[in-house]
Every structure is written in structure tokens, then in C-alpha cells.
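Hi,

Here is the structure I promised to pass on.

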Amino acid sequence: MKNNKKINHKALFVTFLTSPLPAFALDWQGSMPYILSSILLFSFGALLLAHLSILKMRRYQSRLEQSEERLRLSLWGSGDELWDWNISAGTLYRSSSWQQAVELKPETNQFPPNREQIHPKDIERVTEQLYQHLAGETPHFEAAYRLRASDGGWIWVLDRGKVVSTDADGAATRMTGTLKNIQLLKHTEERLELFARCLENISDAVVICDTNFTVIEVNNSFSTITGKSREQVIKKPFDLALYPNRFLQDIGLKLQSQGSWQGEIQDQRLNGEIYQAELNFDVVKDEHNTITQYVAVFSDISERKRKEAELSRLANSDTLTGLPNRALFSAELSRLVEREVRHALLVFDLDNFKKINDSLGHQLGDTLLVKLAERLTERSRQKNRLYRLGGDEFAILLEDTNDIHTITSLAKELIKQINLPFFINQHELAVTSSIGIVLYPEDGADPEALLRNADTAMYHAKHEGANRYLFFNDSMNKLAVKRLQLENLIRHGLKEDYFTVFYQPKMDILSGQLVGMEALVRFITPKRGLISPASFIPVSEETGQIVEIGEVVLRKACLDVKRWIDQGLFHGRVAVNLSVKQFMLPYLCEQIDDVLQQTELPSYHLELEITEGTVMQSPKMAIDTMKKLRARGIHLAMDDFGTGYSSLAYLKQFPLNTLKIDKAFIDDMNTARGRNMVDTIVTIAHNLSLTVVAEGVEYAEQLQQLKQLRCEIIQGYYYSKPLSAADFTQFLKDQKQQKPKLSAVPAVL
């Protein structure tokens with residue numbers, strides 16, 4: 001093709017040369033070759049320049065494409081989105097790395113252009129910041145807000161942009177920027193803010209130190225507890241003013257080896273006040289498991305320590321007299337025995353103290369005990385060794401001596417001081433005391449044996465006429481051994497379930513119908529048979545085993561009654577006795593709730609019998625407990641009424657249902673005085689809207705008299721002795737078939 005082009009040019013040139021020339025052209029013939037050469041050179045140069053321009057344009061285009069590719073990859077790698085807002089045209093272009101590039105054409109009345117995608121709570125703030133930038137008030141637009149994601153949820157974004165074009169009036173016509181996904185960053189920020197708020201608001205002081213214990217940061221509670229401001233401690237060594245430098249060094253060694261340290265310390269506030277703190281140190285490690293900081297957390301426990309000290313004092317002090325109590329006595333006695341220190345133990349109480357309480361009241365009795373403690377501590381050399389064991393019982397420990405003369409001299413002085421009259425509330429009281437004495441190690445090798453033998457000697461002193469002292473001897477030990485055997489037998493009986501329940505019927509005096517029964521505990525052993533309640537109940541009350549026995553009786557009685565109710569044999573109440581120790585249990589009501597729930601017996605079918613002596617030990621507490629029991633639907637009866645010392649003032653406050661007349665009054669009804677006593681008790685009960693139960697009714701004459709006195713219910717051998725559960729089941733069956741015995745007795749008008 002190149003050769004053909006050359007032939008054509010030559011032909012044209014030959015034609016041009018052979019053609020007739022005008023006259024003016026004849027002059028140029030000589031210069032024609034030069035002109036043609038110049039034209040050819042110029043054309044070649046133009047072609048060369050065009051070619052070079054094309055190459056340059058291609059290189060520029062290549063660089064532009066590479067730049068765009070780098071920008072695209074950079075945006076894709078950073079996760080940012082590029083946007084271009086043509087304000088004049090009302091269009092928004094977004095090239096997203098999160099999704100396909102989109103071009104939005106919002107309505108002209110929307111502002112910002114992506115308003116529908118912004119969280120409603122963020123629109124006002126974003127709009128305000130955008131207006132400020134468009135008005136030229138800010139160099140660029142920047143806002144963090146929530147944007148609707150493709151899944152319909154919300155993500156946090158950072159939107160940054162700037163006006164890049166304006167019109168002749170300076171109004172913005174175009175704006176470009178980027179949109180960055182900061183969801184993870186926002187969550188991290190919120191988490192850090194939460195930690196910071198927690199750190200600032202917790203009540204414990206927090207100190208962050210480097211590994212040299214130089215303070216890096218503290219929280220507000222640090223300043224509250226120590227009185228030192230943040231500025232006073234930052235970049236300074238963590239200081240424990242009351243401890244040597246070696247103390248923190250030791251903590252550092254433990255932190256390096258174990259990672260934590262804790263303990264209680266004392267420190268000094270800025271105002272000089274000493275406080276106690278519970279200090280905990282822990283280490284902070286980096287990603288390479290290298291310890292970088294220590295974090296100390298401590299709290300002011302001064303008030304807690306004061307309370308603990310007060311509780312310790314109260315725990316070791318008798319609340320009434322202020323003397324060291326039984327707990328401290330036991331600890332001191334154990335210490336002497338463990339160290340094998342020879343010593344003497346004197347245990348004493350007041351003779352017939354109960355009569356004082358009965359006749360003059362508990363308040364006066366308590367005052368007497370207080371004055372006795374004051375007298376003995378003021379006049380006795382044994383001030384620091386005098387203890388109150390409980391009630392009117394006291395003890396003295398004589399350390400480092402077994403000298404009989406010293407011991408007897410002290411015992412005589414004690415009796416002399418106690419015998420001096422007490423003047424209380426216009427009463428002159430003359431009291432006596434009985435003292436039991438034991439020696440260590442002669443009379444016992446352990447604290448329990450020593451105290452038990454001292455009690456034994458004291459009881460023998462009482463039996464020999466009181467107001468005297470006695471040393472422990474072998475004959476007393478034999479009696480103590482018998483008592484110990486019975487105590488062990490009771491313990492074994494509880495373990496092997498030797499305690500059972502017998503039931504004595506309660507009969508309506510007019511209809512002769514069964515209305516209830518009293519549950520009575522019986523202790524039946526395989527070898528010794530029936531153990532008398534008069535033997536085991538006092539021992540169990542002294543040892544506290546009566547609490548467990550009482551729970552056994554309550555549970556078994558509820559189970560039996562629930563079975564009889566289910567069988568349609570019984571619909572009344574079972575009366576269960578509560579001992580003093582049971583009634584004083586702080587968890588008594590909860591224990592009864594558990595038994596009723598486990599046996600599924602409705603509380604209406606349970607009656608609890610409480611003696612006068614029990615409720616009068618602490619009347620206010622007793623009233624509170626009784627009200628709780630009554631609120632559960634449980635009936636309450638006062639047992640053995642008339643033998644105690646309850647006043648009418650208290651009696652009318654007790655939330656009782658029933659009053660039980662003691663058998664002693666029933667037995668005495670053959671006399672006018674005895675009959676009048678029962679009449680008075682019945683009248684009092686009726687005036688208080690209480691039901692009356694007469695105990696120990698054995699004869700028809702007693703029955704007739706009780707009818708005349710309007711007593712409602714009787715209980716006793718006249719109708720039935722206490723029966724085992726099996727026998728009582730048969731009794732209930734017979735009761736449904738036979739005519740009641742009481743109905744055959746004519747009423748006396």
C-alpha cells in the first residue's frame with residue numbers, strides 16, 4: 001500500500017510539471033523544489049508531534065486509571081465510602097465498599113439528601129452540622145451518626161465532607177466526602193466509657209501504678225477516702241505512710257511471682273486521721289504477657305472494724321452485767337487446760353433466785369444481778385476473773401494456784417459479800433449463794449469435765465442447806481456419771497429414733513365428743529424400756545437436746561394427725577408442747593412452717609402449748625413470737641396456768657386461744673378454796689374470750705364440778721390415759737361407733 005501511494009504522488013507531480021503554467025508561476029519554478037521539501041518536512045513534523053501527543057495521552061490515561069485503581073483499592077481496603085453530592089442538580093452519588101455503588105436522587109425537599117437513612121434521633125444534629133458547613137461556619141463537615149444498614153439494622157458511621165464548588169454568589173453547588181463504618185469503634189468507645197464511668201463511680205478507691213509503684217491514675221473514691229487530690233499523687237510514688245518502704249517492695253515481689261496480693265492495712269488521711277483499709281493489688285499484662293502496671297483497689301473498712309470490735313465485745317460480754325460471758329469463760333478455761341496450768345474453778349449461783357423473780361418480777365431480779373456483779377467486781381480481787389455464765393450463775397477462775405487456804409478464803413469472802421443486803425426499789429433483799437469448787441487437774445482433765453463437776457458440787461451444796469461451798473468428790477462424780485449416761489442415752493435415742501408420741505384425748509364436757517388430743521413424748525429403749533419423762537426431760541432441757549426432741553414430737557404428731565384426717569377419723573387439733581429452749585429459737589416459726597409443709601398438715605389443726613414460765617422469761621419477745629404463730633393460723637394455749645407468775649396485765653396481751661388449768665388445782669377442788677380458785681381461773685379465761693381446758697380429771701365428781709363452773713373441755717384418766725398412735729387409731733374408730741362416755745353423766749343444774 002505504501003508503493004501505490006508513492007506512484008500516485010509522482011503522477012500528480014508529473015501532471016503538474018507538464019501542464020502549461022501561468023505566467024506568474026514561471027518565476028517560481030526555480031524555487032519549487034525547496035517549497036515542496038519544506039511542506040513535506042512540516043507535514044512529517046506534524047505527524048511526529050501528533051504521534052508523540054497520542055503516546056503522552058495514553059501514558060496520562062494509564063496513570064489516571066492506575067490512580068483511580070489505587071483510590072478504589074484504598075477505599076475498599078479502608079472500608080470507606082466515597083460520596084459526591086451535586087447540590088444544584090439534587091443528586092447524590094455513593095460508591096460504597098459495603099455494597100454495590102448506588103446513585104440516589106432524593107426528593108428536593110429532603111435535607112440532608114440521605115435523610116431517610118439516618119436514625120431519627122440523629123437527624124437534627126446532622127442537619128445542624130451540615131447547615132453550619134454550607135453557611136461557611138466550619139472548614140469542613142464532620143458528623144458521627146447511625147445509618148440504616150442493608151439488613152434493616154443501624155450502624156454507626158463517620159461522615160466527613162467539604163464544599164468543592166460554589167456559584168457566583170458563593171452558594172455551595174457541589175460537596176464531596178467519605179463515609180466510614182465506625183460500628184466496632186463505637187462499641188469499643190462505649191465499652192471504654194462504661195468502664196471509665198464504673199471506675200469513677202464505684203465506692204472503692206482505685207489506683208493504677210507502673211511497676212515501680214509510681215501512680216499513673218486514680219479515681220474519685222481515692223480522693224474521698226484519702227483526702228488527697230488527683231494532682232497531689234499523679235506521677236508520684238504510691239505511699240503508705242505508716243509502713244516502711246520494704247512493705248511495698250515485698251508486695252511487688254509477690255505481684256511478680258503470684259500476680260496478686262491482698263491484706264488489711266492502716267493508713268493516714270491528709271488530715272492526719274488514721275483509717276483501716278482492705279487493700280488488693282493485681283497485675284496488668286500486655287499482649288506479650290509482660291507485666292506493665294499494677295492496679296490497687298482498697299476500701300475504707302474503719303466503720304466495719306469498729307462494728308466488729310463492738311460485736312466482739314458484745315459477744316464476749318454479758319449484756320446485762322457487763323461481765324465477761326460464758327463464751328469468754330470457755331475460751332479462757334480451755335486455754336488454761338491446753339497449757340496445763342494449775343488452777344481452781346468456783347461456780348456459784350443465788351439460792352432461790354426464782355422466788356425473787358416470781359414474787360417481785362424479772363426486772364427487779366435483773367437489777368439484783370447487776371448490783372451483785374458491781375459489788376463483786378468492786379470489792380473482790382478477782383475482778384478480771386469473774387464471769388457470768390447465764391441466769392444467776394457465775395464463775396471465778398483462780399490461775400496458778402491450787403492452794404486450799406487461798407481457795408477457801410475466797411469462797412468465804414464471796415459468801416460474805418453476797419449475804420450483805422441489797423436495797424432495790426424500796427425492797428431490802430437478803431440473798432445467799434451456793435458454791436461448787438473443782439481443781440485442775442485433780443477433778444477433771446478437760447474444760448467440760450471441770451465445769452460439769454463444779455456444777456455438781458454446787459448442786460450438792462444447795463441440797464445440803466445452801467449458803468455454803470463444797471469441793472467436788474467421788475460420790476458427786478457417781479451421780480454425775482449417771483446423769484452423763486442418761487445424756488448419752490438421749491443422744492443415742494435421737495439417733496436411733498427411740499422417741500415416740502402418745503396421745504391423750506381432749507373431750508367436750510357437754511357433748512362428750514372428741515375435740516382434740518395432746519401429744520406427749522415417750523422415750524422407749526430396747527434394753528431399759530420406758531424412761532420416765534421426769535428423768536430425761538430435765539436433763540434434755542439442761543443439755544439443749546430438748547430442742548431436737550421437740551422437733552421429733554412435732555413432726556411425728558403432724559404426720560399422725562394428717563393420716564387420721566385423710567382416713568376421716570379426726571377433724572380437731574393436736575396440741576404439742578413447746579419447751580423454753582424451743583420457744584426461744586430465733587427460727588422457731590420457720591421450723592414449724594417447714595414441718596407443716598412437709599407433712600401437708602393445715603396449720604388450723606395444730607395447737608402449741610406454752611407454759612407461763614416460758615412466756616414470762618421475756619414477755620415482749622414472747623408476744624411477738626406468739627403473734628407470728630397466730631398469723632399462721634396456729635392455735636396457742638397457756639399450759640399449767642395458775643402455777644406460774646403471769647400477771648393479768650400480760651395475760652390480756654398474749655394472743656392466746658386456750659387456758660389450761662393445772663392438775664394441782666383440779667385435785668384441790670374438793671375444798672372450797674380449791675373450787676374457788678378454779679372458778680376464778682375459768683372466769684378470767686372467759687372474760688378474755690379464751691377456751692378453758694382442765695387437765696388431770698380423774699373422777700366423776702370433778703367432772704360435775706367443772707360443768708357447773710362452765711369449763712368447756714376436759715383431759716385426764718377419767719376418759720383415757722395417753723395412747724400410742726396405733727391404740728389411738730383404734731380409739732378414734734371406736735369413738736365413731738360408740739356412744740360417748742361423758743354423755744351418760746347427767747349434768748348438775
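In what follows, buried means under 20% relative accessible area, exposed over 50%, and partly exposed in between (1.4 Å probe, protein chains only). Helices (H or I, at least four residues) and strands (E, at least two) are DSSP runs, numbered from the N terminus. This is a predicted model, where local features need pLDDT of at least 70, side-chain atom pairs count only at pLDDT 80 or more, and totals for chains, interfaces and linings use all residues. Residues are numbered from 1 along each chain as its sequence is written, and side-chain values use heavy atoms, with hydrogens and water left out.

Let's start with helix H3. Its buried residues are Asp122, Ile123, Val126, Thr127, Leu130 and His133. Because they cover an arc of only 135 degrees around the axis, they sit on the same side of H3 (the arc is that of the directions from the helix axis to the C-beta atoms). Strands E1, E4, E5 and E6 are among what covers them, contact being heavy atoms within 4.5 Å. On the face turned away, you'll find the exposed residues Lys121 and Glu124. Just after H3, Gly136 has a positive phi of about 80 degrees.

Most residues other than glycine have a negative phi, and most peptide bonds are trans. Yet Tyr440 and Pro441 are joined by a cis peptide bond, with omega about 10 degrees. Pro441 is in the loop between strand E17 and helix H13.

Asn467 has a positive phi, near 55 degrees, and lies in the loop between H13 and strand E18. At 30% relative accessibility, Asn467 is partly exposed.

Cheers
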